[in-house]
Amino acid sequence: MWFPQYRPRRLRQSENLRRMIRETRLSPDMFIYPLFVRAGRGIRQAVPSMPGVFQFSPDTVADEAREAGDLGIPAVILFGLPQRKDERGSEAYASHGVVQEAVRAIKDRCPDLVVITDVCLCEYTSHGHCGVLRGREVDNDATLEILARIAVSHAQAGADMVAPSDMMDGRIGAIRQKLDEGGFTHTAIMAYSAKYCSAFYGPFREAAESAPQFGDRRSYQMDPPNAREALREIQLDLHEGADIIMVKPALAYLDIIRRVRDEFDWPVAAYNVSGEYAMIKAAAANGWLDEQRVMMEVLTAIHRAGADLIITYFAKDAARLLSSS
Ligand code: PBG
């Protein structure tokens, strides 16, 4: 059936008709809300490059998590800024470290909220790399042990899920093994499987104070032109025990999200990263874009591409908008 019998505009005539044939629907169920936690008390400090995003202390973060939960968001993901950084990032696995305390505070206040923790060394090392160094190189296998120790410390504090973002080879297996040995067989792993070496992480590194002090992350994060390699990374992580696989960033990698969704029957998450958030905020502040519409268009696109879960700084705003429409 072709024009003039078929007229696609027939089903676009009213909002109710459009609602009926809409193929993709967003829901707060799919959002994961990122939170930055730093050592101290009573902190709620704005991140300049990410308007609307704050650094909290363990005592204030539970209120923010609670607010997200009340808006229907099922999960938060925590990033920590320690008191002191060192060569080996040892505060990352301290039993009273900042993330561990934040997990306890949130679980105390909102026991049903799913608490996910980012597992990485870059916020905790003096050099800002995601692993320990041997000379000027990141030592893969020596880092695995530390990552597993961090994951266990998060599980001990009560985290439901750990999310390694370091991109070392073999980390999922190392973490799964140590979690299981520690009795944490129920703690899930969301693997940052296809994490690209992206300039879109710029604002996050300000928020998390985690920029590398020399060099860059090209020797461990993925090269942006590669798509087939992402599928191999995902295969590896699933083989090692990942429960949820992730593509990151989201917007410049929608093709990867789609391919991963088509190839694997596992839950797929996508990270709508800091730069993607900051671009929209900056353009909107200049009056160049309609923030709410662009936000919803972008989140819809990520979901339409195949992401079941979206990690996004817009989670609260989008959830609010969804409940009012
Ligand atoms: C830590 C980590 C990063 C992000 C999440 N975990 C930064 C990086 O790899 O440099 C980026 C998140 C964002 O940009 O919103 N390894």
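**Notebook: cavities, ligand and backbone**

I began with the second largest cavity, which has a volume of about 40 Å³. The model is predicted: local features need pLDDT of at least 70, side-chain atom pairs count only at pLDDT 80 or more, and totals for chains, interfaces and linings use all residues. Residues are numbered from 1 along each chain as its sequence is written, and side-chain values use heavy atoms, with hydrogens and water left out.

I noted the terms. A cavity is a set of points, on a 1 Å grid over the protein atoms alone, where a 1.4 Å probe fits but cannot get out; lining residues have an atom within 4 Å of a point. Grid points are joined across faces, edges and corners, and a volume is the space filled by probe spheres set on the points.

**Second largest cavity.** I listed its lining: Met167, Met168, Asp169, Gly170, Arg171, Glu233, Leu236, Asp237 and Glu240. They divide into 3 nonpolar, 1 polar and 5 charged. (Ala, Val, Leu, Ile, Met, Phe, Trp, Tyr, Cys and Pro count as nonpolar, Asp, Glu, Lys and Arg as charged, the others, Gly among them, as polar.) Helix α7 (residues 228-240) gives the most to this lining, with 4 residues. Helices here are DSSP runs of H or I, at least four residues, and strands are runs of E, at least two, numbered from the N terminus.

I looked at Met167 again. Its phi is positive, about 70°, although Met167 is not a glycine. Met167 is in the loop between β8 (161-164) and α5 (171-181).

**Largest cavity.** I found a volume of about 140 Å³. Of its 18 lining residues, the closest to the centre are Lys195, Tyr201, Phe204, Arg205 and Lys248. The ligand sits in this largest cavity, meaning that more than half of its atoms lie within 2 Å of the grid points.

**Ligand.** I counted 18 residues around the ligand, each with a heavy atom within 4 Å of it. I then checked polar contacts, pairs of N or O atoms within 3.5 Å. A polar side-chain atom of Arg217 lies 3.0 Å from a ligand oxygen. Ser165 has a polar side-chain atom 3.3 Å from a ligand nitrogen. For Lys248, a side-chain N or O atom is 3.4 Å from a ligand nitrogen. Taken alone the ligand exposes 400 Å², and the protein buries 100% of that (Shrake-Rupley method, 1.4 Å probe).

**Cis bonds.** I followed Lys248 onward: a cis peptide bond joins Lys248 and Pro249, with omega about -10°. Pro249 lies in the loop between β10 (244-248) and α8 (254-263).

Terms used: A polar contact is a pair of N or O atoms within 3.5 Å; within protein, one must be able to donate a hydrogen and the other to accept it, and residues adjacent in sequence count only if both atoms are side-chain atoms. On a 1 Å grid over the protein atoms alone, a cavity is a set of points where a 1.4 Å probe fits but cannot get out, and a pocket is an open set with protein on both sides within 12 Å along at least five of seven lines; lining residues have an atom within 4 Å of a point.
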